[in-house]
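Subject: Structure handover

Hello,

Here is the structure for your files. My notes on what was found in it follow below.

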Amino acid sequence: MNLARFPRLRLAHLPTPLEPLDRLSRHLAGPDGKGPRIWIKRDDCTGLSTGGNKTRKLEYLMADALAQDADTVITQGATQSNHARQTAAAAARLGLTCHLLLEDRTGRRDDAYAKSGNVLLDTLHGAVIGQRPAGADMPAEMEALAARLKAEGRRPYVIPGGGSNTVGALGYANAALELLAQAAESGLRIDHVVHATGSAGTQAGLVAGLVALNSGIPVLGIGVGQPRAVMEAKVLDLARATMAHLGLPDLVRPGHVVANCDYIGQGYGIPTEGMAEAVRLLAQLEGILLDPVYSGKAMAGLIDLVRRGHFAPESNIVFLHTGGSVGLFAYPEALA
């Protein structure tokens with residue numbers, strides 16, 4: 001898997017730490033004191049505007065934008081999008097204009113949600129923000145904006161929501177390499193990788209990378225917004241396309257792609273009791289902040305699965321922390 005042939009900028013603080021969550025593991029152990037050992041891959045520590053998983057994708061996406069002589073980037077997400085915030089920061093660092101189209105997916109209008117957290121940072125990074133109603137055709141909205149900017153003489157580069165295409169997914173194929181190197185150095189046998197999955201790019205990149213490296217490590221995505229069949233189909237298609245982009249044989253099979261979408265609750269960005277418990281547990285046991293939309297719900301799923309005996313005792317589970325803790329400030333009522 002030769003990633004060196006793809007244009008890449010160095011935006012992230014890498015490698016991110018791989019740490020044991022021993023207090024959480026003990027807290028979740030059964031009456032006999034046995035249970036899986038949980039580790040955390042700290043992609044909340046990538047460094048760009050409070051960090052997060054999108055920075056890995058943006059290293060390749062922004063390099064591609066510069067290779068195409070872009071002077072403007074356009075992307076989209078929900079109002080409190082972590083991806084939008086990191087894209088705005090990357091654009092600021094590179095001297096590019098950034099347009100963000102933010103979709104109202106929750107119906108909330110309160111100041112905490114509409115103006116603080118990620119939205120505040122988007123503004124601080126100098127992004128031009130456009131609001132769109134729930135259910136808008138966001139790819140079409142971005143293309144329409146790109147056409148208008150081209151007519152004005154700008155050179156826009158369109159980044160899909162979540163940075164999730166074959167270029168962005170390279171960031172997590174590379175993360176698979178990084179994770180295996182860290183595990184080898186520390187003598188850690190990884191039995192499972194668990195993370196939040198939404199726009200599919202993180203999971204597709206990890207699956208492609210781990211399969212290409214013949215690691216045998218299964219990846220479980222905890223869904224945050226879509227039904228399982230839809231989520232798994234998106235990840236499978238992108239993982240296969242990423243393999244093709246890498247110039248590798250298509251080794252990804254449907255069995256490599258697993259999503260559990262039982263922890264979404266009432267919908268994307270809507271708090272659940274499990275999420276709130278997971279956020280509090282990690283904060284109080286490990287001093288680590290999750291986010292309420294992605295990593296909080298993913299950790300809620302992991303905690304419930306451990307309690308139900310889904311994972312074998314003494315197995316090693318790596319939870320990939322996708323970042324986004326600044327979003328906590330948009331959910332004070334759920335976490336007070």
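**Aromatic pairs**

Tyr113 has a relative accessibility of 2% and therefore counts as buried. Please keep in mind that this is a predicted model.

Tyr331 has a relative accessibility of 1%, so this residue counts as buried too. The structure holds 2 aromatic pairs, and one of them is formed by Tyr113 and Tyr331. Their rings are edge-to-face, 5.9 Å centre to centre, with 90° between the planes. Tyr113 belongs to helix 4 (residues 111–115), while Tyr331 sits in the loop between strand 10 (316–321) and helix 12 (332–335).

Tyr268 lies in the loop between strand 9 and helix 10, and Tyr294 in the loop between helix 10 and helix 11, so the pair ties together parts 26 residues apart in sequence. Tyr268 has a relative accessible area of 16% and is buried. For Tyr294 the relative accessible area is 19%; with buried meaning under 20%, Tyr294 is buried as well.

**Helix 10 and helix 11**

Helix 10 (residues 273–286) packs against helix 11 (residues 295–307) at an angle of about 90°, and their axes are 8 Å apart. The two helices are therefore roughly perpendicular to each other. On the helix 10 side, the contact is made by Gly274, Met275, Glu277, Ala278, Val279, Leu281 and Leu282. Helix 11 contributes Gly296, Lys297, Met299, Ala300, Ile303 and Arg307. By type, the residues of this contact divide into 8 nonpolar, 2 polar and 3 charged.

An open sheet is formed by 6 strands in the order 1-2-10-7-8-9, with mixed pairing. Strand 1 (18–20) and strand 9 (258–260) are at the edges; each has a single partner strand, so one side of each has no neighbour in the sheet. On average, neighbouring strands of this sheet are turned by 30° against each other, direction ignored.

How many bridges join strand 8 to strand 9? There are 3, and the two strands run parallel, with strand 8 covering residues 219–223. Leu220 has Val258 of strand 9 as its bridge partner. Helix 9 (residues 228–245) lies across strand 7 (192–197) and strand 9, and runs at about 150° to strand 9.

Regards

Key. Residues numbered from 1 in each chain as written. Predicted model: local features only at pLDDT ≥ 70, side-chain atom pairs only at ≥ 80, totals over all residues. Heavy atoms only, no water. Pairing = 2+ DSSP bridges. Helix = DSSP H or I, 4+ residues; strand = E, 2+ residues; numbered from the N terminus. Axes fitted to C-alpha atoms, helices over the stretch in contact; angles between N-to-C directions. Contact = heavy atoms within 4.5 Å. Parallel < 35°, antiparallel > 145°, perpendicular 65-115°, else oblique. Nonpolar A, V, L, I, M, F, W, Y, C, P; charged D, E, K, R; others polar. Phe/Tyr/Trp six-rings, centres within 6.5 Å; stacked < 30°, edge-to-face > 60°. Buried < 20%, exposed > 50% of the residue type's maximum accessible area, 1.4 Å probe, protein only.
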